[in-house]
Amino acid sequence: MSDRITQLRSDFDFELAAATAEAEATLLRDRWVGRKSGLLTAEMKTLGKLSPEERKTVGAELNVLKGYVEAAIEKLLDGFAAKREAEQLAKERIDVTLPGRRIPAGHLHPITLLRHRIEDIFVSMGYEIEDGPEIETNFYNFDSLNIPANHPARSPQDTFYLAGELADKLALRSQTSTMQIHAMQKRQPPLRVAAPGRVFRRDTPDATHNPMFYQVEGLLIDRGITLGDLKGTVEEFVRRLFGPETQTRFRPSYFPFVEPGAEIDYTCFKCGGSGCRVCKGSGWIEMGGSGMVHPNVLRVVGIDPEEFTGFAFGLGLDRLCALMYGLDDIRLLYENDVRFLEQFT
Ligand code: PHE
């Protein structure tokens, strides 16, 4: 091998060893075997100046060297490409054994959960569930419910009236008892209806008051219905809601649309009646109002009070929900803070 070729090869080997990055390898290729300015390409061009003898041997040696250079660079470039691919794969590697990411699913609001439970109980006792208007005329809010003209419930201090032309005529219902009238206008007795829904009162919000809250009204009209039926129904209701040991008691009370009227208490679902924090030591929790539907109310909807009698009772959901979930402020229910709401599934 000629000295020249030996020198070229050792120069190349030296440069090859120094090429540690892909870009350097590409430069090395251009520098040595590049079509225009490659060292070996130039070397080939000098062959013409040699004698035919020399041209043959040097030409052959140059070709061998060129093959060697090309192979070495290709191998080097292949190495870099393989490394690049391996790195890419490592970066995009998917661990198929990792558990999937769960899509967070929402759930129903605690009041809705409680309402559903209560609706289920009513349905199981033969009641139809009915929805009704939140804005009512004075007829539904007051007159039909036997509420006298000067009753404080009619005052705009207690009730939200609509503004403008309809002021004095339309107001947000302050109790679901309005549904008694709708239910009886829609059906002939005997009937059983439960009506859950929102009611509105001009209360100053605090831990136990909110201007909007939920009630459920139960109404049953049939022949020969007595206070005993009311008591039995309410007792069965709270037993299905809180358990078979639950007791009830009635305290006489006044509501214009019933006669007689009573407040219902039930034994605390937490302590069973011995007294605890939930029932504030009394053993009893207030459920709501009740009574025998007033004859005047039956007459308003064309039901003969001599033929039919019935009872109604109402309960508030918000305070009940707060008691059951141990909330110290019912307003939490309406702040729409998911960190709070997500605790009640
Ligand atoms: N509507 C009454 C209230 O909001 C409760 C009630 C319902 C009383 C049915 C008697 C009969 O306090």
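Glu128, Glu130, Lys186 and Arg187 are joined in a network of salt bridges. A salt bridge here is a side-chain nitrogen of Lys or Arg within 4 Å of a carboxyl oxygen of Asp or Glu. The count by this rule is 19. The model is predicted, so local features need pLDDT of at least 70 and side-chain atom pairs count only at pLDDT 80 or more, while totals for chains, interfaces and linings use all residues. Residues are numbered from 1 along each chain as its sequence is written, and side-chain values use heavy atoms, with hydrogens and water left out.

**Salt bridges**

- Side chains of opposite charge can pair when their charged atoms come close.
- Arg187 and Glu128 meet through their side chains in a salt bridge, 3.2 Å from N to O. Arg187 sits in the loop between α7 (178-186) and β4 (191-200) and Glu128 in strand β1 (residues 128-129), so this pair ties together parts 59 residues apart in sequence.
- Helices (H or I, at least four residues) and strands (E, at least two) are DSSP runs, numbered from the N terminus.
- Arg187 is buried, at 16% relative accessible area. Glu128 is partly exposed, at 42%. Buried means under 20% relative accessible area, exposed over 50%, and partly exposed in between (1.4 Å probe, protein chains only).
- Glu307 and Arg223 form another salt bridge, with the closest N and O atoms 2.6 Å apart. This pair links distant parts of the chain, 84 residues apart: Glu307 is in the loop between α9 (295-300) and β9, and Arg223 is in the loop between β5 and α8 (227-242).
- Glu307 has a relative accessible area of 38% and is partly exposed. Arg223 is also partly exposed, at 49%.
- Arg240 pairs with Glu236 in a salt bridge, the closest N and O atoms being 2.7 Å apart. Arg240 and Glu236 are 4 residues apart in helix α8, so about one helical turn separates them.
- Arg240 is partly exposed at 40% relative accessible area. Glu236 is partly exposed at 32%.

**Ligand site**

- Which residues come nearest to the ligand? They are Gln175, Ser177, Arg201, Gln215 and Glu217, out of 14 residues around the ligand. A residue is near a molecule if one of its heavy atoms lies within 4 Å of it.
- By class, the shell has 5 nonpolar, 7 polar and 2 charged residues. Ala, Val, Leu, Ile, Met, Phe, Trp, Tyr, Cys and Pro count as nonpolar, Asp, Glu, Lys and Arg as charged, and the others, Gly among them, as polar.
- A ligand nitrogen is 2.9 Å from a side-chain N or O atom of Ser177. A ligand oxygen is 3.0 Å from a side-chain N or O atom of Arg201.
- A ligand oxygen is also 2.9 Å from a side-chain N or O atom of Gln215.
- Taken alone, the ligand exposes 330 Å², and the protein buries 90% of that. Accessible areas come from the Shrake-Rupley method with a 1.4 Å probe; for residues, only the protein chains shown count as cover.
- Strands β5 (212-222), β8 (284-293) and β9 (309-316) are the elements that give two or more residues to the shell. The largest share, 3 residues, comes from β9.

**Helix α5**

- Helix α5 (residues 110-124) has 15 residues. From first to last C-alpha, α5 reaches 21 Å, close to the 21 Å expected at 1.5 Å a residue. The expected span is 1.5 Å times one less than the number of residues.
- Buried residues of α5 include Pro110, Ile111, Leu114 and Phe122.

- Ser144 lies in the loop between α6 (138-141) and β3 (170-172). Ser144 is buried, at 1% relative accessibility.
- The Ser144 side chain reaches the backbone oxygen of Phe139 at 2.7 Å. A polar contact is a pair of N or O atoms within 3.5 Å; within protein, one must be able to donate a hydrogen and the other to accept it, and residues adjacent in sequence count only if both atoms are side-chain atoms.
- Met212 is in strand β5 and is buried at 16% relative accessible area. Met212 and Leu16 are 196 residues apart in sequence and 83 Å apart in space, C-alpha to C-alpha.
- Ala25 is in helix α2 (residues 22-33) and is buried, at 0%. Ala25 and Thr176 are 151 residues apart in sequence and 85 Å apart in space, C-alpha to C-alpha.
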